[in-house]
Amino acid sequence: MDPTQVFAGFRLHYLLRALPTLILPSETRARAFLAWETQDTHPDETWQRLYTLATTIPGRKLLTGTRPRPTSLAMPVLVLLAEHSRAHNAVKAAARASRTLPRGEVAVLPKATHHSLPLTEPKPLNDRLLAFLN
């Protein structure tokens, strides 16, 4: 498995759809991409505005840490995936995460998409987080 993918790589269609926003960012492009990705979930307008504004910050740079090797994670790990993600195949990612994580708990949240995960069906999300943390 490619260590940069962890459980699932991005779907090619998703990357191609994101490319215009990544190459020549604008609020219009970001909003169109977000509308496509979130499908019919209708995320909060304030969150959408924040997302689109963030794409236009001059000199912005995406910062990420190194991805962990899943098999080396000895602590409990919660993996939450979006059922309707256009970025990943949630079923395949869930299966791989379940096989890979020694102490992993994996859940696919219904109705959510990649970018709407924290905003769609907040009660099931919060219930999963609280159950895991308690």
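How are helix 1 and helix 2 oriented to each other, roughly parallel or roughly antiparallel? The axes of helix 1 (residues 12-23) and helix 2 cross at roughly 160° and come within 8 Å, and the two helices are therefore roughly antiparallel to each other. The structure is a predicted model, in which local features need pLDDT of at least 70 and side-chain atom pairs count only at pLDDT 80 or more, while totals for chains, interfaces and linings use all residues. Residues are numbered from 1 along each chain as its sequence is written, and side-chain values use heavy atoms, with hydrogens and water left out.

**Overall architecture**

The protein chain has five helices and two strands, these being DSSP runs numbered from the N terminus (H or I with at least four residues for helices, E with at least two for strands). Along the sequence they follow the pattern α-α-α-β-α-β-α, and the C-alpha atoms fill a box of roughly 40 × 35 × 25 Å, taken along the principal axes. Of the 134 residues in the protein chain, 32% are buried, where buried means under 20% relative accessible area, exposed over 50% and partly exposed in between, with a 1.4 Å probe and protein chains only. Among contacts (heavy atoms within 4.5 Å) between residues at least 6 apart in sequence, 73% join residues at least 24 apart.

**Helix packing**

The table lists the two helix pairs, with axes fitted to C-alpha atoms over the stretch in contact and angles running from 0 to 180 degrees between N-to-C directions.

| Helix pair | Crossing angle | Axis separation |
|---|---|---|
| Helix 1 and helix 2 | roughly 160° | within 8 Å |
| Helix 2 and helix 3 | about 130° | 8 Å |

Angles under 35 degrees count as roughly parallel, over 145 as roughly antiparallel, 65 to 115 as roughly perpendicular and the rest as oblique; helix 2 and helix 3 are therefore oblique to each other.

Arg29 lies in helix 2 (residues 27-38) and is partly exposed, with a relative accessible area of 33%. Leaving aside neighbours within four places in sequence, Arg29 is in contact with Pro20, Thr21 and Leu24. Thr52, found in helix 3, counts as buried at 1% relative accessibility, and touches Glu27, Ala30 and Arg31 when residues up to four places away in sequence are not counted.

**The nonpolar core**

The largest nonpolar core has eleven residues, among them Phe7, Leu73, Val79 and Ala90; such a core is a set of buried Ala, Val, Leu, Ile, Met, Phe, Trp, Tyr and Cys residues joined through side-chain atoms within 4.5 Å. Strand 1 (77-82) and helix 4 (90-100) each supply at least two residues of this core, and the largest share, four residues, comes from helix 4. Beyond its neighbours within four places in sequence, Ala90 is in contact with Leu81, Ala82, Glu83 and Val108.
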